[in-house]
Amino acid sequence: MIRRPPRSTLFPYTTLFRSLLYYFITLFVGFFISIALTLAPDNLSNFNPMLWDDKIMYFFFIVTTVPSDALLLAQIVLTYYLLSSVRRDWKHILILRNILLAEIILSLVSIPIDMNYWPDTGSAFFSGYALVVSSIWYFYFKKSVRVEYVFKHKNWNWDTFHPSKSFAK
């Protein structure tokens with residue numbers, strides 16, 4: 001019986017490309033949900049500071065809403081760069097990791113604010129979700145050997161990097 005090698009060794013770049021594509025799709029879905037919730041007719045009036053009785057609550061609303069959407073947009077742009085073969089560069093990975101770290105910090109700040117000022121709206125759930133997703137992707141882009149190998153060393157040949165896992169003997 002001939003044992004078939006794992007898919008990732010047959011096509012070393014497919015696993016990485018699928019991960020980036022999945023990350024890209026997740027970002028788009030999250031961004032569109034965030035924009036839809038932010039720009040909903042009921043929520044759009046929240047951006048008018050004159051309608052807020054408490055200016056501190058308005059400040060917290062802006063601090064927890066606008067930077068999160070801006071960070072999501074920055075992640076989408078950088079992921080587009082990583083998916084295009086022309087702009088595939090290690091510096092974009094480093095910038096993306098910093099943006100993900102900023103998203104983690106923002107989520108950690110947003111959760112207590114959301115729980116304190118808006119406990120019934122579900123905002124803390126979305127901030128917690130952003131924290132979990134950003135943490136997973138941060139550690140993926142920080143610890144993945146394949147990401148470093150492809151984007152830092154510009155080499156898609158997994159066999160030269162990992163000869164022990166090569167099946168082409």
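In this predicted model, 37 residues line the largest pocket, and those nearest its centre are S34, L37, S123, F126 and S127. The volume of this pocket is about 1,000 Å³. The points below describe the pocket lining and then turn to the nonpolar cores.

**Lining of the largest pocket**

- Two or more lining residues come from each of α2, α4, α5 and α6.
- The element that gives the most to the lining is α2, which supplies ten residues.
- Sorted by class, the lining of the largest pocket holds 18 nonpolar residues, 16 polar residues and three charged residues.

**Largest nonpolar core**

- The largest nonpolar core has 27 residues, and the members that touch the most others are Y23, I93, L96, L100, F141 and F151.
- Two or more residues of this core are given by each of α2 (12-38), α4 (55-83), α5 (90-117), α6 (123-143) and α7 (145-152).
- With eight residues, α5 provides the largest share of this core.

**Surroundings of Y23**

- Apart from neighbours within four places in sequence, the residues in contact with Y23 are Q75, T79, L96, L100, W137 and F141.

Notes
Residues are numbered from 1 along each chain as its sequence is written. This is a predicted model: local features need pLDDT of at least 70, side-chain atom pairs count only at pLDDT 80 or more; totals for chains, interfaces and linings use all residues. Side-chain values use heavy atoms; hydrogens and water are left out. A nonpolar core is a set of buried Ala, Val, Leu, Ile, Met, Phe, Trp, Tyr and Cys residues joined through side-chain atoms within 4.5 Å. Buried means under 20% relative accessible area, exposed over 50%, partly exposed in between (1.4 Å probe, protein chains only). Helices (H or I, at least four residues) and strands (E, at least two) are DSSP runs, numbered from the N terminus. Contact means heavy atoms within 4.5 Å. On a 1 Å grid over the protein atoms alone, a cavity is a set of points where a 1.4 Å probe fits but cannot get out, and a pocket is an open set with protein on both sides within 12 Å along at least five of seven lines; lining residues have an atom within 4 Å of a point. Grid points are joined across faces, edges and corners, and a volume is the space filled by probe spheres set on the points. Ala, Val, Leu, Ile, Met, Phe, Trp, Tyr, Cys and Pro count as nonpolar, Asp, Glu, Lys and Arg as charged, and the others, Gly among them, as polar.
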